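Hello,

Please find the structure below.

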Amino acid sequence: MSQDSTERREYERRLEESERRYRTLAENFPNGSVTLFDDELVYTLVAGQGFADISVDPATAEGRHVREVWDDDTADELEPAFRGALAGEVRSVEFAYEDREWVAHVVPITDDQGDVVAGMAMIQDITDRKERERELTEYETIVETVNDGIYVKDRAGRFTMVNDAYASLTGYDREDLIGEHASLVVDEDAIEQSEAMRDAMSDGIETNPTMEAAIRTADGDTVPTEGTLSTLETGDGERKQVGVVRDITDRKERQQRLEESNERLEQFAYAASHDLQEPLRMVSSYLQLIEQRYADELDEDGREFIEFAVDGADRMRTMIEGLLEYARVDTRGESFEPVEVDAVLAAVRDDLQVKIDERDAEITATSLPRVEADSEQLRQVFQNLLDNAIEYSGDEPPRVSIDAERDGEEWLLSVRDEGIGIDPSDADRVFEVFQRLHTPDDHDGSGIGLALCKRIIERHGGDIWMESEPGEGTTFYFTLPAATDS
């Protein structure tokens, strides 16, 4: 009898100790709660750090039925899972409570004989996880609905994700691409370029990570593409490369047609200028010959008529030469290289020195930068702008100032004069071919100089514009790419 009492007390002690351990574990259960309930769905243990975020008090919940602790909607979600656990089933149920989202994992508790004697529910706050899942779903929806191909590569250059558009672009199934090296679809040069851009982005050097590459499709064709690259750092610190790729076949075909059209335009302009200039030279020559041979027989009106005709033929020849020069901006231009603008300006000053001296012109400039440009075309721009500034200076000696200001990857240059000015309503018209604001009798010029400047600056990827008021002078602004080593 004494032995039975001792064994019972030892069993109760172990049971109490086990309960304390369970309660300690339950009270420290992170981001959720642990509950035990009996076969009548009455809580026997309620604890966990998750109760700090809701209004349920675990101390008052113990000893109460599940429907006395939770509102009806929550109880309707939990009760079937609890009864399932008492029937020996393992269940999970998600539910919303007090603006948070939760998941309850409910399991049966059995005795030594395997009989179910109670149930346990482990409830976790999954609000953040569900929000991430929704964001991921939105992201996946965007990725799969855009027309551009999207891929993710690991550090070794193997695809870890591609969307349907990228798979369609390559002609492979998504399953065929995942795990494969990028060399399956692009050549070694493209891979080396993308890796160099990735490293440059990691170092904060690359700011415009865009490149062109030809994709080899599954059937052996090639597709010209343009890709924009970025890097993605995963939770474990791995850096992956993300690419957004677009088929530029149509653009390349348009570019090819444009190049062919420009070539035909140049051929036409050259032929037209040659064919037109020869008759003009003949007209001028014969008119001058008539003037020389029959000067004594011509009255003052006759000599004046011949002078008008010769002057008109000369102006026509100048316009034709300007048109030819305009047509050749793209096709006959030199490649871009670092150019000292100070040196270009000095050369233009030399070219205009006679006119500068005749008009007592003063041209000042700040220290000018290095730019990526075709030096000869840049010389044409400055020559036209300075020549105009001197020509349209009015009655006072011309005063011209040249300045430059850095603007990101570009230089903003300006040429300002104190001349007669231009009506702002003509700000666009002055850049059109043969659009003159003054008659030839008032000012010389072919009417093509500023149009030529605009085309040259646009070839360099820049913009040109003017600001002016009549009688207040004019400032021409234009942008050029900064030299890569400046």
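This is a predicted model: local features need pLDDT of at least 70, side-chain atom pairs count only at pLDDT 80 or more; totals for chains, interfaces and linings use all residues.

Residues are numbered from 1 along each chain as its sequence is written, and side-chain values use heavy atoms, with hydrogens and water left out.

The sheet

Two strands count as paired if DSSP finds at least two bridges between them. An open sheet of 5 strands runs in the order β7-β6-β10-β9-β8, and the pairing is antiparallel. The edges are β7 (159–162) and β8, each with a single partner strand, so one side of each has no neighbour in the sheet. On average, and ignoring direction, neighbouring strands are turned by 30 degrees against each other. Angles run from 0 to 180 degrees between N-to-C directions, and axes are lines fitted to C-alpha atoms, for helices over the stretch in contact.

Strand β8 (residues 210–216) is joined to β9 (residues 222–233) by 7 bridges, and the two run antiparallel. Thr210 has Thr228 in β9 as its bridge partner. The two strands form a hairpin with 5 residues between them, and Gly220 in the turn has a positive phi of about 95 degrees. On β8, Met211, Ala213 and Ile215 make up the covered face, whereas Thr210, Glu212, Ala214 and Arg216 make up the uncovered one.

On to the next pair: β9 and β10 (residues 239–247) are antiparallel over 9 bridges. Here Leu229 is partnered with Gly243 in β10. Helix α8 (residues 188–202) packs on the sheet and touches β6 (149–153), β8, β9 and β10, with its direction at about 150 degrees to that of β8. Contact means heavy atoms within 4.5 Å.

The axes of α11 (residues 341–351) and α13 (residues 375–391) come within 9 Å and cross at roughly 55 degrees. The two helices are therefore oblique to each other (under 35 degrees is roughly parallel, over 145 roughly antiparallel, 65 to 115 roughly perpendicular, and the rest oblique). Their crossing is right-handed, meaning that the near helix is turned clockwise from the far one by less than a right angle. From α11, Val341, Val344, Leu345, Ala347, Val348 and Asp351 meet Ser375, Leu378, Arg379, Phe382, Gln383 and Leu386 of α13. These residues divide into 8 nonpolar, 2 polar and 2 charged (nonpolar: Ala, Val, Leu, Ile, Met, Phe, Trp, Tyr, Cys and Pro; charged: Asp, Glu, Lys and Arg; polar: the others, Gly among them).

Gln377 lies in α13 and is buried, with a relative accessible area of 6%. Buried means under 20%, exposed over 50%, and partly exposed in between (1.4 Å probe, protein chains only). Leaving out residues up to four places away in sequence, Gln377 touches Val329, Gly333, Ile456, Arg459 and His460.

Most residues other than glycine have a negative phi. Which phi does Glu98 have? The value is positive, about 50 degrees, although Glu98 is not a glycine. Asp99 also has a positive phi, near 65 degrees. Glu98 is in the loop between β3 (91–97) and β4 (100–110), and Asp99 is found in the loop between β3 and β4. Glu98 is partly exposed at 35% relative accessibility, whereas Asp99 is exposed at 82%.

Regards

Definitions and conventions:
Helices (H or I, at least four residues) and strands (E, at least two) are DSSP runs, numbered from the N terminus.
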